[in-house]
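Visitor: I would like to learn how to read a structure feature by feature. Where do we begin?

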Amino acid sequence: MSPPAADPLALGQKLVSVLDDGLRTATYKLATLIALLDHAVEHVPADPDAELHVDLDDLAARVIALYWRPVRDLDGHYLRQSSNPVARIPDTVRTLRSVATSAGGAEPTIDVAARSHPTDHLAAIATVKQVLVTQPLFRLQRVRGAQHHEFFLYDDTWLSDRVSARTLALHDNQITLLPGVCTTLARLSSLMRPALQIAWLDDVRRLNPFLHRDVPDLAAHHFGADRVSLERARGALLENFGPRCFYCDAPTTHHVDHVLPWSRVGLDGLSNLVLACARCNLNKSHLLPDPDFVIRALGRGRDRLSDIAETIRWPSQYDRVASAAHGLYATQPAGTPLWLGHRRVDTIRSDIIWPEFR
């Protein structure tokens, strides 16, 4: 049976039960949940109680992007993401990454790899999607110890470990988030995303016993805690927008900052990147900025940002940044801190009307 419109506390408790399930044999459930959170943030509907269709190709592409960094070798080791001898999702992503890097030059981001090798990327999406529908999506809501199966995110009664292409077509190649679930997932994202990442790292350590608890690079290796290597973006921002802090206009030491915080949405596109002085960069940290900063960042121009990104083989992600901004601001509860500038923080009011970000 399914619940009525999603209650944030109840849904949060159910998501935590997925984290507490010690029977995970792979990191797939956690990656799928993160992908669903990110999709929800970028697709918050005007009606907070509406259901939302999630295209499974889009979801598979997001999962591929999440594994893009983890499938690299760490100190000569290809880290296991599954206890099974064959790990189809990471193996598929690793193969795609190998194809994309074989041409030489700078290591491509997943966005660039998808554009430069579209046939290989589409083949990877098809493979990963088939794994998603027969494994994590089928099992995600089946919580250990529950007396009755209750789907709380989407109707999974048509899923199984043998879903056919015909069945996928009958369901329009999508799952449908239940009424209110999209908005609630977006609201919970800033809390659940870090928790899911921690659980993912714990699973990787369990699946790779040679890893010590204090391996310093594991989080950066998996989730870009080192903010990726942003040298190409830094040079392009400096050349095109000058050596001033985007936030306070002070001369900058060329720190690269994610306007929408990296901890909330993993968007490294040029549309979400600015140069910042060390003072603003450190003080802003993980806080949501005043929405005017997002409007200014996007106001640099879709075409201009896309052209600059193309010259350095970097994604722009203009539309995704705009959509994520809408989702983040529209779902923040009253009292959420809002960064206005160095040492200036306000809180979000319940009656605020958010501006248009596109």
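Guide: We begin with a pair of strands. Strand E6 (residues 337-341) and E7 run antiparallel and are joined by four bridges. Note that this is a predicted model.

Visitor: Which residue stands opposite valine 345 in E7?

Guide: Tryptophan 339 does.

Visitor: What is the general idea behind such pairing?

Guide: Strands of a sheet pair through backbone hydrogen bonds, and the pairing is either parallel or antiparallel. Here E6 and E7 belong to an open sheet of three strands, ordered E5-E6-E7, whose pairing is mixed. Strand E5 (288-289) and strand E7 (344-347) are the edge strands, each with pairing on one side only.

Visitor: What lies in the loop between E6 and E7?

Guide: Arginine 343 is found there. Arginine 343 is not a glycine, yet its phi is positive, about 60 degrees.

Visitor: Is arginine 343 buried or exposed?

Guide: Its relative accessibility is 71%, so arginine 343 counts as exposed; the cut-off for that is over 50%.

Visitor: How do I read the two faces of a strand?

Guide: In a regular strand, side chains alternate between the two faces of the sheet. Strand E1 (residues 52-55) can be read in this way: Leu52 and Val54 form a covered face, while His53 and Asp55 form an uncovered one.

Visitor: How many bridges join E1 to strand E2 (residues 174-177)?

Guide: Four, and the two strands run antiparallel. Within this pair, leucine 52 stands opposite leucine 177 in E2.

Visitor: Let us turn to helices. How is a packed pair described?

Guide: Two packed helices are described by the angle between their axes and by the distance between the axes. Take helix H2 (residues 28-42) and helix H9 (residues 181-207): their axes come within 8 Å and cross at roughly 155 degrees. An angle over 145 degrees counts as roughly antiparallel, and H2 and H9 are therefore roughly antiparallel to each other. The crossing of H2 and H9 is left-handed.

Visitor: Which residues in H2 and H9 meet?

Guide: The H2 side includes Leu30, Leu33, Ile34, Leu37 and Asp38. On the H9 side, Leu185, Met192, Arg193, Leu196, Trp200 and Asp203 are among them. The residues of the contact of H2 with H9 divide into 15 nonpolar, two polar and three charged.

Visitor: Is histidine 121 buried or exposed?

Guide: Histidine 121 has a relative accessible area of 12% and is therefore buried, since the cut-off is under 20%. Histidine 121 lies in helix H6. Leaving out residues up to four places away in sequence, histidine 121 touches Leu96, Ile110 and Ala114.

Visitor: How do I place a single loop residue?

Guide: Give its position, its accessibility and its contacts. Alanine 26 is in the loop between helix H1 (8-20) and H2. At 10% relative accessibility, alanine 26 counts as buried. Apart from residues up to four places away in sequence, alanine 26 touches Gln81, Ser82 and Asp203.

Visitor: What separates the C-alpha atoms of alanine 26 and histidine 149?

Guide: A distance of 21 Å, and the two residues are 123 residues apart along the chain.

Visitor: Where is alanine 219?

Guide: Alanine 219 is in helix H10 (residues 218-223). Alanine 219 is partly exposed, at a relative accessible area of 31%. Its C-alpha atom is separated by 9.6 Å from that of tryptophan 200, 19 residues apart along the chain.

Definitions and conventions
Residues are numbered from 1 along each chain as its sequence is written. This is a predicted model: local features need pLDDT of at least 70, side-chain atom pairs count only at pLDDT 80 or more; totals for chains, interfaces and linings use all residues. Side-chain values use heavy atoms; hydrogens and water are left out. Buried means under 20% relative accessible area, exposed over 50%, partly exposed in between (1.4 Å probe, protein chains only). Axes are lines fitted to C-alpha atoms, for helices over the stretch in contact, and angles run from 0 to 180 degrees between N-to-C directions. Angles under 35 degrees count as roughly parallel, over 145 as roughly antiparallel, 65 to 115 as roughly perpendicular and the rest as oblique. A crossing is left-handed if the near helix is turned anticlockwise from the far one by less than a right angle, and right-handed if clockwise. Contact means heavy atoms within 4.5 Å. Ala, Val, Leu, Ile, Met, Phe, Trp, Tyr, Cys and Pro count as nonpolar, Asp, Glu, Lys and Arg as charged, and the others, Gly among them, as polar. Two strands pair if DSSP finds at least two bridges between them.
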